[in-house]
Amino acid sequence: MLIDGSEVSMSDSKFVFLVALLCAAIAATSCYKEVQSEFPDIVPVPTVNAILVDGQIITVHVSFAMKPGGETILPVCDNVQILLYENDILTDTLIYTADTLLINSGGYAYYSDVVAKAGNNYSCIITIKDYDTIFCSTEIPYPTMITDARGFHHAGVDQEGTVYPAVEYSFENNPLEKQYYSIVPKGVADEKIGILDIVYIDDPVLLNEGLPIGVFSNNIIEGNSYTMKLNVISGSSESSNGVWFYSIPPVVLELRSITKDYYDFLQRYYLYEQAAFNYEIFIGSMPAHNMYSNVENAYGLFTGYSYSISDTITISYFN
Amino acid sequence: MMDFFRRLFLSLLCGLILIAGMAQSKNPAITVSGFVYDAQSGESLIGTTVVTEDSDVKGTVTDNSGFFSLSVILPATLRVSFVGYTPTVVNVSDNSHPIKINIEPAETTLEAVEISAEKFERETFNVSKLNIKQIENIPMLGGKTDIIKAAQLFPGIEATNEGSSLLIVRGGSPGENMYLFDRVPVTYVNHIGGFMSVFNSDIINGLNIYKGGFPAKYGGKLSSIVEITQKEGNKNEYKGSLSVGVTDLSFSVEGPGGLKNSSFIVTGRKTMIDFLFLGATAIAKKLEAQDFSLLYGFHDINAKYSWHPDPKNSFHINIYEGDDYMKHWVDQKYKEDKQKSSLTNIWGNILVSGSWNRVVSPKIFSSNTISYSRYRLKKTLSYKFTTPSDTMSFENQGKSILTDVSLRSDWKYSVCDKWKMEFGLNASYLQHQPNNYFSTVTDIFYQEKVNAFETSVYFDNNLKLFSFLDADLGVRLVGYFTDGYYHLAAEPRANINFRLNKDHTLNLSLMRVNQNSHLLFTTGAIMNNEVWVPAGKEIPVAASDQISAGWKGYFAKDMFSAEVNVFYKNQYNLTTYKDGYNNLIGDGNWREKLVSGGRGNSMGVELMFSKNHGDFTGSIGYTLSRTTRQFDELNEGKEYLYEYDRPHSLTLNFNYRLNSKWNFNILWVYQTGAPYTPIIGQQYAPFVLADGTIIYDEVYVYGDRNSARMRDYHRLDLGARYSYINKKGRKAEWNFSVYNAYFRKNAYYYFYSDRHAEDWNPSGYNPTKLYLQWFFPIIPTASYKVYF
């Protein structure tokens, strides 16, 4: 067909178009393949994790960070001495105890009889044979009360035309004191509790944080109280008269007053997951980075929070 | 390094000007000037060689306006030659008016012309030059010529990722390249997230990429100046072309512009994948597999009007407009109720400029340009619900905009045969709106506008001191003023050539440059991936110092040439995203998401060997380099390899002209694999469930940033071009190419996963493994172009 070229003219554009389609189809295919590589051996590094909750007994989880790719879950440390200090006074030595809730993370943790209280400072000195002494410390913030909460069935519409609801709650604020929060919207249905997704953030305080999670500070809240709006969904939608809407179970809001360390950790956790798992060609990549840690001589997080909860909010599209 | 620059610059400048002045007094020559045009189309010819035909041959090369000036002894005979044109001899008896030289196109004089052209460009170091004819045969992904991608074949210039037209020049970031489109800065230079450049080859005349040793007239970006010149339209007859390729449909139309000695050229491109998207979503809707529509595409249009009312003056108007867009929408009806929602992303440039070139005297030439350009990135979510009795609607919109209004005046003054001076000024008003947002739902309204004023004046002296030594010595003084902040700086520039003999030259160049805005860039993103933020109180002005040295030699009567360059570059006050962020849109506190004060370091050796003439031509380019970054807040403050660091980069490019119809090309590219951050361990991290139970999840522990490398990259591309006259007597071309001919699965990125294994167990424990993602298999493409 192209030996002398003289037969070709613009009427061949159909052929060109077919070639273009074929090539576009080939180009659209892509794949992945396993890279045959071994993770390097590393010396196991202690990891200390504890989240102290106002009104609950204190638990500390101690494990080892290991090289990935093994066939078993990471090991917990069973020969550790943990001294607990409350407001700088030695209060307890924690006891290594089995816990079925921790079956996927070693099955054991170190327990104390001490109940954490807001406003107190807690620290631990942890001794593991052949390792440097580990130190960690935190102060549990006082709770901030939710003073009012209500819901809206028609807060906005997503790009597919589905109507989403919102909840709005108010809390007191002291603009002279730096405070950090995590708002957790819970859906309660048939005695099951799930965390609702916060979507399409349009609250200025949450927008100021720049992340689509309910973790914020009072950095830009100037008054003595603030009312925050959360657009929430549970993932299920229904239609009525041709209009699709998200249906959500009754909502309870839990406002956690958290430490600066916990605030940094939660934001970093989200960013870590974005960098680690969301590498897509249309979204782009971010350099991977490690989790936040405030533990000396080990990985992990030692922090705490107190909380308040709202009344149950019922939102119906038909109300 | 700055002090060293300053002392060297001042002492050399003073000494050399004195010597040049003495040389002037002994020289009875006078300066003649003029323009070189294509005799058929009337288009100005850039890079044309103009030499005297006497025993002491002197010569020069026409600039981006087709202008030249040359010292001669009258009466003189000038020989004018250019690639693809018949050499022309012109007699000059006086210098009262600029000379207008028309040369005729010819296809059989390539070799003689190329030899003479090179003789007067040998002093050029640190610059990669391309004209559109040189790249027509290079196989390209998508089958269409892309001059920016062709530039990636030169040592020291690389792509960010496979298939990308984004440039990494000597370890700089994609935002450190100044793209000047007929001397006007263009902000956004990519389509489809970098897979194509915005520069339509139908209107491109050529480009020069300065990798270092910037002339004093250029600045504003740290790593390169990409000088792109556009064609002028045909002054004598109407012409055009139509081209169909895998990616797009393009056209060009040119002809006389109505006024005497005027012309216009208009080119445009439009993607064809829009229709594929629409067709696919229409079918899916028909099958009730989905209820939304999706569209992606881009277009661009260039227009240039040129008018040469007399030999001394010319006027040009340029317009460029181009956008990429992705739209996702739903349109539903139920009885009398209607619901519409849409999510639209649109991003691109608009550029308008006017310029006036004037030959003030045979010794003085001026070029003045006023321009307006605007880059904007916009994401809009809108919704409307209508019932017979009510309407509800809202809109959320995020935008990032950079507006640039510039005035530029450049002057050339030929003081004498041995001293040419360039000077001028550039003043720009910039308005940054990095992160605008509004929502009609909540009345949230961010409209931050940062106004900035950038100005610069420059002086550049080209001094031919001795037969073996010449120097370009200059300085650029820059000022940057924005809300409550200013920055003043002097940027010394020096380029010194030492000719060992007529075929071998050594070069030393030094430069400092500042950059007043920072590009926040997300590797691999298609949308929302380029946001410009201005320097100010919290974000300092970035700067770079570079020193380079080189040798260039010609062999076997210029049949072969070789070049070696060594460079060392330090960068200061770089800005990038904090860990985990890749987008600012909609974020009112965007400055908190950035880290500033970063340092960069690049060093390397570049080698280039070329066979310049004959049916078989080609080049071998090799770069050995190392590039690092250091930010106090990233990687625990430790220096790390830059994500685009490629220690070894090798390019083999060979072209064979079988006859007047067939041309074949083979291209092989090799690069060390890109760095990535490896996982070295796993640890537990706490997580609080909805009921308050605390559990511990496994998370990764990473090693130092970019401390491991992906496997090496290499691929082979094959190309063939067939040119002929079709049945209707029109010139036509087929371009065939095979990208990645041996189907190398080159890594676009690496990722870790415990869910991608072939033996994945959904109910059991799955170990984490490392995977590579590849995107480009063997891709054959064809494109067709017809001229009318």
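Colleague: Let's start with chain A: into which domains is it divided?

Modeller: Chain A splits into domain 1 (45-139) and domain 2 (146-292), with bounds that come from an automatic or database domain assignment. Their centres, taken over C-alpha atoms, are 29 Å apart.

Some housekeeping: residues are numbered from 1 along each chain as its sequence is written, and chains are lettered from A and ligands numbered from 1, in the order in which they are written. This is a predicted model, where local features need pLDDT of at least 70 and side-chain atom pairs count only at pLDDT 80 or more, while totals for chains, interfaces and linings use all residues.

On that score (pLDDT is the predictor's confidence in each residue, from 0 to 100), chain A averages 84, and 85% of its residues score at least 70. Over residues 1-23 of chain A the pLDDT is below 50, and beyond near neighbours in sequence that stretch has 28 contacts in the model. A contact here means two C-beta atoms, placed from the backbone, within 7 Å.

Now the packing. The largest nonpolar core has 109 residues, and A:Val48, A:Val60, A:Val167, A:Val232, A:Val251 and A:Leu253 touch the most other members. Such a core is a set of buried Ala, Val, Leu, Ile, Met, Phe, Trp, Tyr and Cys residues joined through C-beta atoms within 7 Å. Buried means 20 or more other C-beta atoms within 10 Å of a residue's own, exposed means 12 or fewer, and partly exposed is in between, with C-beta atoms placed from the backbone. Helix α3 (residues 260-277) of chain A gives this core its largest share, nine residues. Helices (H or I, at least four residues) and strands (E, at least two) are DSSP runs, numbered from the N terminus.

Take A:Leu253 as a way in. Leaving out residues up to four places away in sequence, A:Leu253 touches A:Ile146, A:Ala149, A:Val167, A:Tyr169, A:Ile183, A:Pro185, A:Ile309 and A:Ser310. Apart from this core lies another, of 78 residues, including B:Ile148, B:Phe264, B:Leu463 and B:Leu584.

That brings us to chain B, whose secondary structure comes to five helices and 48 strands. Chain B has a domain 1 (2-117) and a domain 2 (128-674 + 710-757 + 773-787), whose C-alpha centres are 30 Å apart. Of the 788 residues of chain B, 49% count as buried.

All seven of the seven residues of strand β15 (residues 204-210) of chain B are buried, so the strand is largely enclosed by the rest of the structure. Strand β8 (residues 127-131) of chain B pairs antiparallel with β15(B) over five bridges, including B:Val127 with B:Tyr210. Strand β16 (residues 224-230) of chain B also runs antiparallel to β15(B), joined by six bridges, and B:Gly206 has B:Thr229 as its bridge partner. Pairing needs at least two DSSP bridges between the strands.

Last stop: B:Asn349, in strand β22 (residues 337-361) of chain B. B:Asn349 counts as buried because 20 other C-beta atoms lie within 10 Å. Its contacts, again without residues up to four places away in sequence, include B:Val186, B:Tyr188, B:Tyr320 and B:Arg374.
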